[in-house]
Amino acid sequence: MSVDKILADWKKKQFKPVYWLEGEEDYYIDKVMQVAEHQLLSEAEAGFNLTVFYGREANWADVVNACMKYPMFSDKQVVLIKEAQQMKDLDKLEHYISHPLSSTILVVGHKEKKVDGRSKLAKLLKDKTELVQTKKMYENQLPAWAEKLVQSKGYTIQQKACLLLVDHIGNDLSRIENEIDKLLINLGTRTNITEDDIEKFIGVSKEFNVFELQEAIARKDLPKAIRIVQYFESNPKAGPIQMILPALYNYFSKVFMIFGVHSSDEKLIASTIGTSPFFVKDYIQCSQRYGYDGIERILLLLHQYNLRSIGINDSGTSDSGLLKELLVKIM
């Protein structure tokens, strides 16, 4: 079952006895837990019918006893186990999960990993609970996810602004949502998030960032690329080499994939290389400027300079020195 389906059911007052949320992506687990803790019961009901356990401190017998109680002044009670991956004797909940009380809503948040699929508990969870298994989102899925999140709040965001936001934050869905909420508060009566908003309210330069560096390299604009690296040199947090080199490698890997797509259909190319159709022309033009051998050479150079950036085959060249040298060799 998906998180959206669970939340939709809860809005309709449709509940199941046990919900088990597990996996690597905390965002969805936290989202369900927050709704379960603050919205399933009224404030008056929660005083008598909400019990929250934390895995490290929880005793399985106490959890079962809490689940077996009948609600007071309400038709249901809610029991939460947060950080259940830290709970000892978690498997001793098996008997209750097999025979849950219909008036109790038990919600378990098991973060970081899944229960061992070979265990009896794992098989029981599939049969007897509403099971949600989460996994970390791929980097190339983040812009679309962020854009959809903005739209769900009744706003829009420029494609470039979305990329700047996601690249600045990385794969942290909770932080992405928090920054989006901050942006929306500052928009006033406007409904569209722009690059200027990202620069003003998030602190990411719209002129000096890794995407502008990619575009400069793609267009063989060496002076602009050098200016961006000099900006990074003066503002180390804006563009650490540990972030720049993987981003460039990801970009040129996608460009390299174009040579394997035997079609000029831009939608097909965008789908194959995993980028937005909005940007696919830039990728195609880059592949044409450098050619197959040129892109292959760039990928090899990026690998070489990544090794040098961590001290392999390098005597201590500065990060900005490495980047400038790399840009000259590429272009």
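Q: Which residues do ring pairs link into a cluster?
A: In this predicted model, the cluster joined by ring pairs consists of Tyr251, Phe252, Tyr283 and Tyr290.

Q: How many aromatic pairs are there by this rule?
A: The count comes to 13 aromatic pairs. One of them is Phe252 with Tyr290, whose ring centres are 6.4 Å apart and whose planes stand at 90°, so the pair is edge-to-face.

Q: Where do Phe252 and Tyr290 lie?
A: Phe252 belongs to helix α13 (residues 241-257) and Tyr290 to helix α15, so this pair ties together parts that are 38 residues apart in sequence.

Q: Are Phe252 and Tyr290 buried or exposed?
A: Phe252 is buried, and Tyr290 is buried as well.

Q: And what about Phe256 and Tyr292?
A: Phe256 and Tyr292 form a tilted aromatic pair, with 5.0 Å from centre to centre and 40° between the planes. Phe256 sits in helix α13 and Tyr292 in helix α15, 36 residues apart, and the pair thus links distant parts of the chain.

Q: Why does Tyr292 count as partly exposed?
A: The relative accessibility of Tyr292 is 42%, and partly exposed covers the range between under 20% (buried) and over 50% (exposed). Phe256 is also partly exposed, with a relative accessible area of 24%.

Q: Turning to the core, which residues touch the most other members of the largest one?
A: The largest nonpolar core has 67 residues, and Ile176, Ile198, Leu213 and Phe252 touch the most other members. Helix α15 (residues 280-309) gives the most to this core, namely eleven residues.

Q: What is Ile198 in contact with, leaving aside its neighbours within four places in sequence?
A: With those neighbours set aside, Ile198 is in contact with Ala161, Leu164, Leu165, Leu183, Ile193, Gly203 and Val204.

Q: Which residues does the second core include?
A: The second core is separate and has 25 residues, among them Val63, Ile81, Ala84 and Val115.

Q: Where is Leu21, then?
A: Leu21 lies in strand β1 (residues 18-23). Leu21 is buried, at a relative accessible area of 1%. Beyond its neighbours within four places in sequence, the contacts of Leu21 include Ile6, Val32, Val107 and Val132.

Q: How far apart are the C-alpha atoms of Leu21 and Ser2?
A: They are separated by 10.0 Å, while Leu21 and Ser2 are 19 residues apart along the chain.

Key: Residues are numbered from 1 along each chain as its sequence is written. This is a predicted model: local features need pLDDT of at least 70, side-chain atom pairs count only at pLDDT 80 or more; totals for chains, interfaces and linings use all residues. Side-chain values use heavy atoms; hydrogens and water are left out. A nonpolar core is a set of buried Ala, Val, Leu, Ile, Met, Phe, Trp, Tyr and Cys residues joined through side-chain atoms within 4.5 Å. Buried means under 20% relative accessible area, exposed over 50%, partly exposed in between (1.4 Å probe, protein chains only). Helices (H or I, at least four residues) and strands (E, at least two) are DSSP runs, numbered from the N terminus. Contact means heavy atoms within 4.5 Å. Rings of Phe, Tyr and Trp (its six-membered ring) pair if their centres lie within 6.5 Å; planes under 30 degrees apart count as stacked, over 60 as edge-to-face and the rest as tilted.
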